[in-house]
Amino acid sequence: MKVLLIATNQADRFMDRMVVRPIPIGMAYLAAGVDESVHELRVLDLMFSDDCYLETEGVVREFQPDVIGLSIRNLDNQSIFNPESNLPMVKQLVAIIRKSSSAKIILGGPAFSILPSECLNYVGADIGVRGDADANFSQLLEKIGDGENYLDLPGLVYWTNGKVEMNESCNPSYYEMLPRLDLLDMRKYSGSGFGIGVVTKLADAYYPQISMSGTTHASQWRVRDTKDIMRDIKRLQADFNIRNMFFIDTAFNKPIEVAKEICTAVVTESIDIRWNSYLHPGDFDQELANLMKDSGCSLALLSDAGGESQNLEEKLISMEKIVDLCRLESLPCAVTMDFGGPDETVHGTELKLSFLKKAAPTFTVLRLGKRVLPGTKIADEAMKSGLIDSEHDLLEPTFYVNPKLAIWLRERLVAETSIRPRWNLT
Ligand code: B12
């Protein structure tokens with residue numbers, strides 16, 4: 001069969017401000033699973049496209065694919081002040097494809113995996129695969145090609161009698177294959193902010209509510225072998241002359257021994273890179289800060305996510321320790337802090353603001369409100385407060401701000417950020 005994979009993401013910002021264009025590494029893993037001795041494969045990345053509709057129409061007319069996979073990364077930009085949904089663009093792409101092709105249209109990607117049935121229905125595609133799909137997608141292609149029944153594949157989302165059905169289980173990936181980055185324009189990505197992604201370890205979930213094996217405990221994280229990570233890094237250097245990387249990780253500092261092992265391997269093998277990654281409150285010490293610096297870390301993105309078992313005071317103490325240890329090592333550290341959740345209080349807001357002033361990170365992002373995602377405590381609150389009627393409404397960018405504090409909080413955060421150039425409110 002002729003298989004066309006399209007990366008639909010065109011977003012070029014992080015936190016609605018910094019220029020960041022993440023490489024479509026998920027699609028590159030998917031491509032790695034396609035058996036090219038059986039199928040003809042083409043990839044279209046719309047990130048740098050001037051006219052995504054015209055370009056897609058052109059490629060579809062010329063290539064005449066039998067199957068088209070659309071990768072959907074973000075539901076929206078997660079900005080309460082300037083919300084922009086990405087899904088109308090994907091819906092329009094599907095409409096354009098349908099005009100000149102009868103190919104089966106298959107959806108997947110992080111955004112799709114959060115609201116699979118809703119996405120499939122909204123954009124009008126044929127099938128979807130929820131969760132990691134490098135293994136599933138190649139099986140799906142085999143079955144479609146051989147005319148076999150594929151409806152029992154894990155994570156499959158499909159139409160039956162005019163309704164969307166979903167197979168619950170998913171097939172977690174351990175990222176053993178090399179992603180097909182050779183099919184992407186790596187020169188354009190090399191200067192596109194935050195570095196080229198290298199998966200180090202990911203939790204068992206796209207976000208805590210979507211577990212692939214039913215567990216979200218840290219021991220269930222998909223921790224890659226350090227040797228494989230080094231192989232991927234060296235290959236980025238050798239094949240594409242890439243030095244700036246982003247370690248794709250749920251929280252690089254967890255578990256701490258693995259974080260130290262990765263940094264030590266980079267140092268021992270004298271690999272000359274600059275890298276960034278996410279940190280969460282919790283595991284951190286001087287040795288890790290030192291190893292991160294020595295191995296080329298140029299920015300630690302500390303977010304107040306995770307550490308759910310800690311109360312606010314404990315969490316802030318832990319975050320302060322991380323910022324201080326980074327400063328001791330001259331390691332730049334950015335902090336993202338959420339405001340306006342169901343448990344937010346005036347006292348809590350003031351504690352967070354005092355922490356940010358005292359810690360004085362390299363730059364600070366204050367997030368007002370939380371993008372409501374299905375299956376969360378905030379989705380329940382949003383339902384109770386009448387913000388949404390059902391979780392199906394969450395395709396639209398929807399933000400929850402604790403109604404008891406909403407007006408005060410907005411004014412307070414605007415006032416605090418307007419006098420601090422390194423503070424960004426989003
Ligand atoms: C690393 C990361 C970042 C890094 C990226 C750095 C880099 N250089 O790559 C940074 C910090 C820059 C970032 C930014 C943002 N991110 Co981010 N990010 C992630 C994270 C942790 C990992 C993504 C990743 O690379 N995964 C590894 C790859 C290999 O997996 P994958 O892409 O999911 O692909 C697999 C499957 O999805 C599937 N698949 C993919 N495509 C297709 C296509 C088909 C046809 C099929 C069948 C299957 C399929 O198979 C793939 C292989 O198994 C995820 C959370 C998570 N755990 O997934 C959030 C996540 C993707 N980000 C998200 C968001 C919202 C953002 C921001 C908008 C945040 C903001 N407020 O600005 C920005 C957007 C940036 C932009 N311009 O697009 C959301 C997206 C969903 C949503 N809620 O809308 C996620 C899921 C977090 C969350 N839980 O909300 N992010």
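Trainee: At what angle do helix H3 (residues 87-100) and helix H5 (residues 116-123) pack?

Mentor: Helices (H or I, at least four residues) and strands (E, at least two) are DSSP runs, numbered from the N terminus. Axes are lines fitted to C-alpha atoms, for helices over the stretch in contact, and angles run from 0 to 180 degrees between N-to-C directions. The axes of H3 and H5 lie 8 Å apart, and the angle is about 50°.

Trainee: What kind of model is this?

Mentor: Residues are numbered from 1 along each chain as its sequence is written. Local features need pLDDT of at least 70, side-chain atom pairs count only at pLDDT 80 or more, and totals for chains, interfaces and linings use all residues; the model is predicted.

Trainee: Are H3 and H5 parallel, antiparallel, perpendicular or oblique to each other?

Mentor: Angles under 35 degrees count as roughly parallel, over 145 as roughly antiparallel, 65 to 115 as roughly perpendicular and the rest as oblique. H3 and H5 pack at about 50°. The two helices are therefore oblique.

Trainee: Which residues in H5 meet H3?

Mentor: Two residues are in contact if their C-beta atoms, placed from the backbone, lie within 7 Å. From H3 come Leu87, Val90, Lys91 and Val94; from H5, Cys119, Tyr122 and Val123.

Trainee: How do the residues of the contact of H3 with H5 divide?

Mentor: Ala, Val, Leu, Ile, Met, Phe, Trp, Tyr, Cys and Pro count as nonpolar, Asp, Glu, Lys and Arg as charged, and the others, Gly among them, as polar. On that scheme the H3 and H5 contact has six nonpolar, no polar and one charged.

Trainee: Which residue in the turn between S8 and S9 has a positive phi?

Mentor: Strands S8 (residues 156-160) and S9 (residues 163-166) run antiparallel and are joined by four bridges, where pairing requires at least two bridges found by DSSP. They form a hairpin with two residues between them, and the residue with a phi of about 50° is Asn161.

Trainee: How far apart are the centres of domain 1 and domain 2?

Mentor: Domain bounds come from an automatic or database domain assignment, which gives domain 1 (2-166) and domain 2 (181-425). Taken over C-alpha atoms, the separation of their centres is 26 Å.
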